[in-house]
Every structure is written in C-alpha cells, then in structure tokens.
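Trainee: I would like to learn how to read a protein model feature by feature, with the general idea before each case. Could we look at one together?

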Amino acid sequence: MARCTLHGMTDPREIIERFWRAAEARDWTAFAATLAEDVVYALPQTGETIRGRERYVRFNRAYPGDWHLRVERVVAEPGQAVTWLRCTVGEEEMDALSFFTTDASGLISTITDFWPEPYEPPTGREHLVERS
C-alpha cells in the first residue's frame, strides 16, 4: 500500500512533471508551488548552491536568453526522481540531467543539475561505436 502525501502519492513523477511544465510556461507561481520552502538547488559543475524557494524562483525567473525545455525521460520512485531534458537556448541545444528528492509532503526538497558539454571521443574505438 502506497503511503499518502499532500499530493496523493509517494512517486514524485507528478510533481516533477508539474515543475517542468511550469518552468517552460514561465508560470512562476505554479513553479514555486512544487518546491519546499527550504529547497536546495546545486550545480556541481559551477560549485553554486541556492537555498530557499524564493531565491531559487528568482534565479530561474532572471535566467537570460530565450530558453525552452523538453522532458525526454522521467525515472521516479518514492522520494526521488531523475529527469533527462533537452534544452534549447537560442540556437544552441544541450542535454541536462536533474536529480530530485521530495519531502514528506511530496514537494521538491533538493535538485542537483548536471549540464554535460559535448566533446570529441578519444581515438581508437571507432570500430566499436556509431556516431550521430
């Protein structure tokens, strides 16, 4: 039997999907409603951390450029989820991985984003791989 939460289930898929829909729509009220008051957002590649709902919403609201998000995959289980996003900023496309945890009320409590940069693979394995 699944443990009930404020949002009706322990699988965070619904709240994560609402989070990304609100971000893409720039609906900052709906976006904030998915977040715990003390949410922690981490960007390991830059070493930045943002603490608190209000600061994290301001960070996203002020993000420069014409950006768009498309969710490629959500993998969720009770208390945590991972998303793979396809992001477009102007003419540039990139992938991102986001790791989420949710609190007892079902709200997002932590987010860790990874923005991998494409790179050329080492030589010597061409006979084993296909390249797009």
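Mentor: Let us begin with charge, where Lys and Arg count as positive and Asp and Glu as negative, while His and the chain ends are not counted. The place of a charge is taken as NZ of Lys, CZ of Arg, CG of Asp or CD of Glu. In the protein chain the 15 positive and 22 negative charges have mean positions that are 4 Å apart. Please keep in mind that this is a predicted model, in which local features need pLDDT of at least 70 and side-chain atom pairs count only at pLDDT 80 or more, whereas totals for chains, interfaces and linings use all residues. Residues are numbered from 1 along each chain as its sequence is written, and side-chain values use heavy atoms, with hydrogens and water left out.

Trainee: How many helices and strands does the protein chain have, and in what order do the elements run from the N terminus?

Mentor: Helices (H or I, at least four residues) and strands (E, at least two) are DSSP runs, numbered from the N terminus. Here the protein chain has 3 helices and 6 strands, and the order from the N terminus is α-α-β-β-α-β-β-β-β. Along the principal axes, the C-alpha atoms fill a box of roughly 55 × 40 × 25 Å.

Trainee: Which strands pair with strand 1, and in which sense, parallel or antiparallel?

Mentor: Two strands pair if DSSP finds at least two bridges between them. Strand 1 (residues 35–43) pairs in the parallel sense with strand 6 (residues 108–114) over 4 bridges, and within this pairing leucine 35 has isoleucine 108 as its bridge partner. Strand 1 also runs antiparallel to strand 2 (residues 48–51), again with 4 bridges, and there tyrosine 41 is partnered by isoleucine 50. These two strands, 1 and 2, form a hairpin with 4 residues between them, and glycine 47 in the turn has a positive phi of about 80°.

Trainee: What does proline 44 touch, leaving aside residues up to four places away in sequence?

Mentor: Contact means heavy atoms within 4.5 Å, and by that criterion proline 44 touches Thr112, Asp113 and Phe114. Proline 44 is found in the loop between strand 1 and strand 2, and its C-alpha atom is 7.0 Å from that of phenylalanine 114, although the two are 70 residues apart along the chain. For burial, the 1.4 Å probe is used on protein chains only, and buried means under 20% relative accessible area, exposed over 50%, and partly exposed in between. Proline 44 counts as partly exposed because its relative accessibility is 44%.

Trainee: Is serine 109 buried or exposed?

Mentor: Serine 109, which lies in strand 6, counts as buried because its relative accessibility is 16%. Its contacts beyond four places in sequence include Ala36, Asp38, Val39 and Thr101. Over the whole protein chain, buried residues make up 32% of the 132 residues.

Trainee: How many bridges join strand 3 to strand 4, and how many join strand 4 to strand 5?

Mentor: Strand 3 and strand 4 pair in the antiparallel sense over 10 bridges, with histidine 68 partnered by threonine 88 and valine 75 opposite valine 82. Their hairpin has 2 residues between the strands, and glycine 79 takes a positive phi near 85°. Strand 4 and strand 5 are likewise antiparallel over 10 bridges, and arginine 86 stands opposite aspartate 95. That hairpin also has 2 residues between its strands, with glycine 90 in the turn at a positive phi of about 60°.
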